[in-house]
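Please look over the structure shown here before reading on. The paragraphs after it take up a few places in turn.

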Amino acid sequence: MDNYTLSPIGHIHSPYKQKFAIPRQPRLVSEAKAELRFCDEFNREEFVRGIEAFSHLWIIFRFHETAEKGYSALVRPPRLGGNERKGVFATRATFRPNGIGMSAVKLEGVEYKNGQLRLLLSGIDLLDGTPVLDIKPYLPYSDALTDASAGFADTRPETEMTVTFDEQAELFISDQKDYPELKTFISNVLKQDPRPAYKKKRDDQQSYGMTLYDFNIRWVVDNTHNHVVEITKN
Ligand code: SAM
């Protein structure tokens with residue numbers, strides 16, 4: 001067997017600090033903003049010259065948090081409620097041979113500041129620290145296939161989840177002047193219903209937590225309603 005060694009060209013700095021609650025595909029939550037910071041070898045404007053002409057990019061990356069944990073031939077896609085199995089190559093599962101992921105995300109800007117080259121991205125589905133292996137411009141004429149069919153994932157996942165905020169959470173958010181989209185960001189993450197499939201079948205109220213940026217967010221789910229009960233700073 002041929003073996004290859006890949007090295008990252010850069011890393012993602014993302015508000016998503018743990019896997020739980022990250023949307024399952026890019027662009028489902030447009031307020032999810034991240035930076036791609038280039039490693040030293042690629043930290044030069046030449047590497048991205050002309051890139052700002054593209055509105056979207058493919059980010060090819062390593063599922064670094066799970067890549068060493070192996071894979072199975074069959075996986076249970078969350079879209080099927082977690083009880084039907086499909087071949088790993090018929091899914092976008094994270095546990096896969098070679099641990100490689102790909103996301104088409106929006107390019108918001110290119111910055112070279114304090115000696116660091118960065119791409120500003122939005123609509124990401126990537127964990128903080130994700131190593132990036134390659135970047136390619138998204139080409140609508142070739143990549144946007146309007147007649148494509150997508151089996152069990154044919155449509156954008158929609159939920160009926162609603163979101164409300166406790167008074168403490170509202171006040172906390174209004175104090176975060178550097179994060180003007182924080183409330184919409186939290187709401188849109190929760191509207192995706194990040195709970196694992198087996199928990200969605202339960203009727204009882206359950207409490208969950210996630211970290212976005214350095215904010216710890218706690219919410220309670222009751223049927224199709226999320227209520228954010230508390231937000232604190234790390
Ligand atoms: N769009 C990509 C693809 O199709 O290859 C990712 C799809 S995968 C289903 C999306 C999930 O990957 C996210 O919900 C998150 O839980 C997980 N994830 C994101 N970044 C990761 C990383 N660096 N390591 C492991 N899991 C990650």
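The model is predicted, not determined by experiment.

Begin with the ligand. It is surrounded by 21 residues, and the closest are Gln25, His64, Arg92, Asp125 and Thr130. Which strands each supply at least two residues of the shell around the ligand? They include strand 3, residues 56-62, and strand 6, residues 100-113. Strand 6 gives the largest share of the shell, three residues. Several atoms can be picked out around the ligand. A polar side-chain atom of Gln25 is 2.9 Å from a nitrogen atom of the ligand. A polar backbone atom of Met102 lies 2.9 Å from an oxygen atom of the ligand, and a polar backbone atom of Pro23 lies 3.0 Å from an oxygen atom of the ligand. How much of the ligand does the protein bury? Taken alone, the ligand exposes 600 Å², and the protein buries 93% of that.

Next come the aromatic rings. A pair of aromatic rings is described by two values, the distance of the centres and the angle of the planes. Rings count as a pair here if their centres lie within 6.5 Å, and by this rule there are twelve aromatic pairs. One of them joins Tyr179 and Phe215, with 5.1 Å from centre to centre and 80° between the planes. Planes over 60 degrees apart count as edge-to-face, so the pair of Tyr179 and Phe215 is edge-to-face. The pair links distant parts of the chain, as its two residues are 36 residues apart. Tyr179 sits in the loop between helix 2 (167-175) and helix 3 (182-191), while Phe215 belongs to strand 11 (residues 215-222). Tyr179 is partly exposed, at a relative accessible area of 26%. Phe215 has 0% relative accessibility, so Phe215 counts as buried.

A second pair is that of Tyr208 and Trp219, which is stacked: the centres are 5.9 Å apart and the angle between the planes is 25°. Tyr208 is in strand 10 (residues 206-212) and Trp219 is in strand 11, so this pair ties together parts that are eleven residues apart in sequence. Are Tyr208 and Trp219 buried or exposed? Both are buried. Aromatic residues can also form a cluster, and one such cluster consists of Tyr16, Phe172, Tyr179, Phe185, Tyr213 and Phe215.

Phe172 leads on to helix 2. Ala169, Phe172 and Ile173 are buried in this helix. Seen down the axis of helix 2, the buried residues fall within an arc of 95°, so they line one face of the helix. What covers the buried residues of helix 2? The cover includes strand 9 (162-165), helix 3, strand 11 and strand 12 (225-233).

Gln206 is located in strand 10. Buried means under 20% relative accessible area, so Gln206, at 15%, counts as buried. The side chain of Gln206 makes a polar contact of 3.4 Å with the side chain of Lys199. With neighbours within four places in sequence left aside, Gln206 is in contact with Lys199, Trp219, Val220 and Val221.

Ser14 lies in the loop between strand 1 (10-13) and strand 2 (33-38). Ser14 is buried, at 3% relative accessibility. A polar atom of the side chain of Ser14 lies 2.9 Å from the backbone nitrogen of Tyr16. Not counting residues up to four places away in sequence, Ser14 touches Ala34, Ile124, Leu126, Leu127 and Asp128. Ser14 and Ile124 are 110 residues apart along the chain, yet their C-alpha atoms are separated by 8.2 Å.

Val88 is in the loop between strand 5 (86-87) and strand 6. At 4% relative accessibility, Val88 is buried. Apart from neighbours within four places in sequence, Val88 is in contact with Ser72, Ala73, Val75, Ala93, Phe95, Arg96 and Pro97. The C-alpha atoms of Val88 and Leu74 are separated by 5.4 Å, and the two residues are 14 residues apart along the chain.

How values were computed: Residues are numbered from 1 along each chain as its sequence is written. This is a predicted model: local features need pLDDT of at least 70, side-chain atom pairs count only at pLDDT 80 or more; totals for chains, interfaces and linings use all residues. Side-chain values use heavy atoms; hydrogens and water are left out. Rings of Phe, Tyr and Trp (its six-membered ring) pair if their centres lie within 6.5 Å; planes under 30 degrees apart count as stacked, over 60 as edge-to-face and the rest as tilted. Helices (H or I, at least four residues) and strands (E, at least two) are DSSP runs, numbered from the N terminus. Buried means under 20% relative accessible area, exposed over 50%, partly exposed in between (1.4 Å probe, protein chains only). The arc is that of the directions from the helix axis to the C-beta atoms. Contact means heavy atoms within 4.5 Å. A residue is near a molecule or strand if one of its heavy atoms lies within 4 Å of it. A polar contact is a pair of N or O atoms within 3.5 Å; within protein, one must be able to donate a hydrogen and the other to accept it, and residues adjacent in sequence count only if both atoms are side-chain atoms. Accessible areas come from the Shrake-Rupley method with a 1.4 Å probe; for residues, only the protein chains shown count as cover.
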